[in-house]
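Thanks for sending this one over. Here are my notes, point by point, to read alongside the model.

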Amino acid sequence: MARGTPWAKGSTVWVRQATPGSAADGDWRRGTVVSLDARGAVSVALEPAGGRGASSVVSVRAEDVEPANPALLDGVSDLTQLTYLNEPGILEVLRQRFSGSGSGVYTNAGCVLVAVNPFEELPLYGGEVAARYSRRRSTEDEAPGEPHVFQTADRAFKQMLATAQSQSVLITGESGAGKTETTKIVMRYLASLAGGTGMEDKVLESNPVLEAFGNAQTLRNKNSSRFGKLIEIYFNRGHICGALIHTYLLEKSRVVHQQPGERSYHIFYQLCRGADEAERQRYHLPVGPESFAYLASSGCTSIAGVDDAAGFGQVKSALTAVGIPPEQQAALFSVLAVVLWLGNVQFVPVHDDAVTVDQFTLPALRHAAALLGCSEATLLAALTTRRMQAGGEQITRELSMEAALDSRDALSKAIYAALFRWLVQQINAALSVGKQRSETTLSLLDIAGFESFQENSFEQLCINYANERLQQQFSKHMFKVEQGIYESENIDKARVEFVDNQDCVDLFELRPPAGIGILSMLDEECMMPKGSDSTFAAKLQQQHAAHPRFSHNAKAHGDSFAVHHYAGTVTYSCAKFLDKNRDTLSKDLVVLLQASSAPLVQLLAGDLQAAQDRKGSQTVGARFCDQLRDLMQRLDATALHFVRCIKPNSRQEAGHFDAGLVLHQLRCCGVLEVARIAQAGYPTRYLHHEFAARYRDLLPDKGAGQGADGLEVCRQLLAHFKVDPSQYQIGRTRLFFRAGVLGQLEDAATRMQKSALYIQSMWRMVRCRRAFLHARSAAVAIQCQWRGCVARRQFAELLLQHRAAARIQAAARGCAQRRRYRRALQGVLAIQMAWRRHVLKERVVQRITERRRSEREQAAQAAAQAKAWQQQEDTFEAIKRDFGMDAVDIRRVLGLWQAHGSAFLAWRQQPGWAGAQAAASQPPPLGADDSGLLLEIAASNADAEQLQKRMEGLQTYCHKLERTVDDLREEKQLLQRALHMLQADPAAAPHCQAILASTLSPKGARRGSRLPADAHGSAGLPPRPTLAVHADASGPHYESSTGRGYTESQDDRDDASSISLMSLHEDDGSVTTGGATPTAASLAAARDESCMVVGMLSREFEKKQALLLDDADFIREVRNGEAEAPGMDPELELQRLEARYKTWKKEFKERLGNTHRVFKQLKREERKVGYGASLASAHSATMAPRASSSVRGASGVLAHFKSRSKG
């Protein structure tokens, strides 16, 4: 930059200040020149840091001061538009744009696009943004706007179509600067711009594959490309028809070793985490990558926010898209598993110069051999021994521990490198199908930028050598561009000095006889039998000690040397230079791979063998020189476009701008070289009309520039400010100025603008002050009037508020009283409801209690009747046992005794009873039904005395029987009480036991003293018709209307039992009377029993009807809300009540039918014996209406209780 005095007092400048921890060149701070010292010192008032605090004045040397650009150029989109192209000016523009809008990550530097990595997603790459750039028809149609990578890609594409010349976009930058993402963005834009053939999808799908196999996590980047690539995209008539990928310098050492915190290539972790169960069994993969030594040695196996399993699925899809079938994919993953298992093979020493495989790692050796397609012994021999030819004989030599480990790692690296080359070949085979039809190409170069670490090795030497060649190419291109601009503007005197770095390039690649460069000397040392890293370092120091780009520190530890690159000095360590350059693989290992049974492994072995057989490219350095030379030839044949990627900070944080780091990258990527080339010529350029419009106001005569064109105004301005003609050139459309020339015009414009602003401000102040004083006096008068009006309004408002407050208070009090009244009313209603509910509950409880008491009384009556029947049966049995008479005879005698006993006793008491016995043989008088039989018995002299004794015994037995019946009735009541107590409360069991004990002790003895069975037989009583009573002991369980379950009492079951008179034969329904011929007495007894049965059925019907109707009333009350029964469903209870009624009705009809049939049978028997026709008719007439009324009542109960329940 031109020195002299580019600033004056009051000028804005940049001051370099060395601060602890800052970059080597220090930090730049903005300030204003206070004074200039005759000794060259400059006093500058520095602006406070962060815009806060007071400024400080410092005195610095003139060499540490750089002029600052005017504020008008802050955040300019093109760096070449700056008045002063210096480092602090460029840094400030990049910082302002980076901290501003999202699109500020892109800035132009002439024909170079500077892209600052934002480390976050930005809405800059959508379809609308791409369409805005793709709508331009040609590069001349480009409207001024924000720089963008789409703009660079579109310019290259449109220029290719317009000129039919191949184009190249060079994307460079250090690791983490965003080169890979920028390359993908350009490819997506080109695919959207020139797609439609389907080939663009395959080109895009190649990116995931190359990233998985060639990218890894480093300390500076999560997705760092560890190889360089040139992607040639073929176009035919404006559409993509194919592509070809060239790769450079794959970092093979990363397969076997990584720095702490780094990872190997992504594909290894994706395979370990994304393989399914079948693939795990096929490749013998464990659960995670931590089980492999090659992956776990760095201590980092995962990346935050990255899903390796999902990435594996994307890689498989991409492999399928680029034409690799599943069979080859399986073979590919199998080879990757071989590399991982080889890393787990460890050795133990047998003796000093021999090793063998550790027993703990034999499974790893077994898996590796199985996947390689060879035997374990063959693989073990290849890793631990070497076969050599000596004098025509083959000698096998044991390897040491270090040699065996190197052999294992060399095999792993060679397999992976060959696999990577094979993969690229497969992708190229699928993408290069349109190469024959291609007219032009558009190439994308993605290669690592300049690298300088604390310890730099052979890889950094090759990368920096490539960047030296690319910088040379870049400088030549910029020189040509500058010369082209000057020629197009007809500026013949402009000559830009071209600073060539050919001497640094020669230091690397010079070959005999012209000289010997670093790479040539390295190849020569590799061919020496006793060559080593130390001898190589010594020869370098001896050969290039006088070279201006070479230096070494003799006091430094180890073998090292330094090269002065265009971007800075880098010190390289010679450790393992020769091994990395040789990159040889033992023939035994090649033979091992060739003998494999796996087809893919055999292909890789053939590639390794061919690489060893090629002449002139045995070393990595030599091959890389050839590749780089071929790359330069390709780039020279195309039009170049440059994208320089910048990493704003090392922490990869969004929004953080590290000025020192950015400045270092600007030097390395050549952006400052662009500024230097521009500074060497005429860096400041203005169109004629723009210059005239900006500085026309600086002319003293306002009419001088009126009516003149832009060029004439420019000439008047230059003449007015007396600009030296050697400091500018006038072109056809632009004015070209040397660096700093426009500073005088800017200072004059700034001073004039300040003066004009000062005069304008003073005049505005006077006018505003006068207007203010006038307005203030008027405002005071208006305020007085207004205050009075406001006060009156406020008073009137206060009165209204007071009245409103009084009414509101009254309304509030009334509301409060009404609220209290409602609360009291609600309380009274609640108490009344509670009391009514309580009364209703008591009524319900009372009704339930009364119903249960009536049920118990009816049950007691039924039990007493049943007990009477049972006592009668027991009596008959006892008479049978005591007198030896059949039950039929007893009943017949009892019937006769009941009918004629009183007459018989009266007859005996007559005085002539003995004489009457003699006349007993005479016929009995007419009128009595059975008097003939009685007179026959009385007339029998032989049996009269015996009959009298039997009748007396029968009387005695009847008295005993009555006492026994009383005892049994009392016992049944006690037992029934105990049963009810036990059902109601199980805890009353001891009391029930006491009742049972009292029942069994005395009365059981009396029950045991009944008359024997023969007593009845001996009594000679007539038999009684059998009365059979059938009761179901397992009565149904009903649920009461209140929801509480109850079981029918024994009395209910006795009443509801099925009763049949005089057991009927099933075949004809005839009545059986104990096998004897029915007589008038037996039929009379049967008639009495039938009367009792009909009475029982009638009582049962009345009781059941009362229960059903009572339950129906209760259900209706619950449903209407008159009674409460928590948990009860009235509809469900009504259905259950109807079901119980239907069941009872069916059984009751059956019993009525049976009773009716018994009546008919008795009537027939009475007709046969001619006994009491009128009495039987009267009896039947009495019983029939009762039975029929029972049936009709049973038929109408359902409708009745349905109507009552539904209410």
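1. In helix 24 (residues 688–695), the buried residues include H688, F691, A692 and Y695; buried means under 20% relative accessible area, exposed over 50% and partly exposed in between, with a 1.4 Å probe and protein chains only. Because these four cover an arc of only 95 degrees around the axis, they sit on the same side of helix 24, the arc being that of the directions from the helix axis to the C-beta atoms. H689 and A693, on the other side, are exposed. Helices (H or I, at least four residues) and strands (E, at least two) are DSSP runs, numbered from the N terminus.

2. A word on the source: this is a predicted model, where local features need pLDDT of at least 70, side-chain atom pairs count only at pLDDT 80 or more, and totals for chains, interfaces and linings use all residues. Residues are numbered from 1 along each chain as its sequence is written, and side-chain values use heavy atoms, leaving out hydrogens and water.

3. Now to strand 11 (residues 228–236), where 9 of its 9 residues are buried. Strand 12 (residues 239–248) runs antiparallel to strand 11, joined by 9 bridges, and strand 17 (residues 440–448) also pairs with strand 11 in the antiparallel sense, over 7 bridges; pairing takes at least two DSSP bridges. Y234 has G242 as its bridge partner in strand 12 and T441 in strand 17.

4. Helix 14 (residues 458–488) is largely enclosed by the rest of the structure, because 23 of its 31 residues are buried. Just after helix 14, N490 has a positive phi of about 60 degrees.
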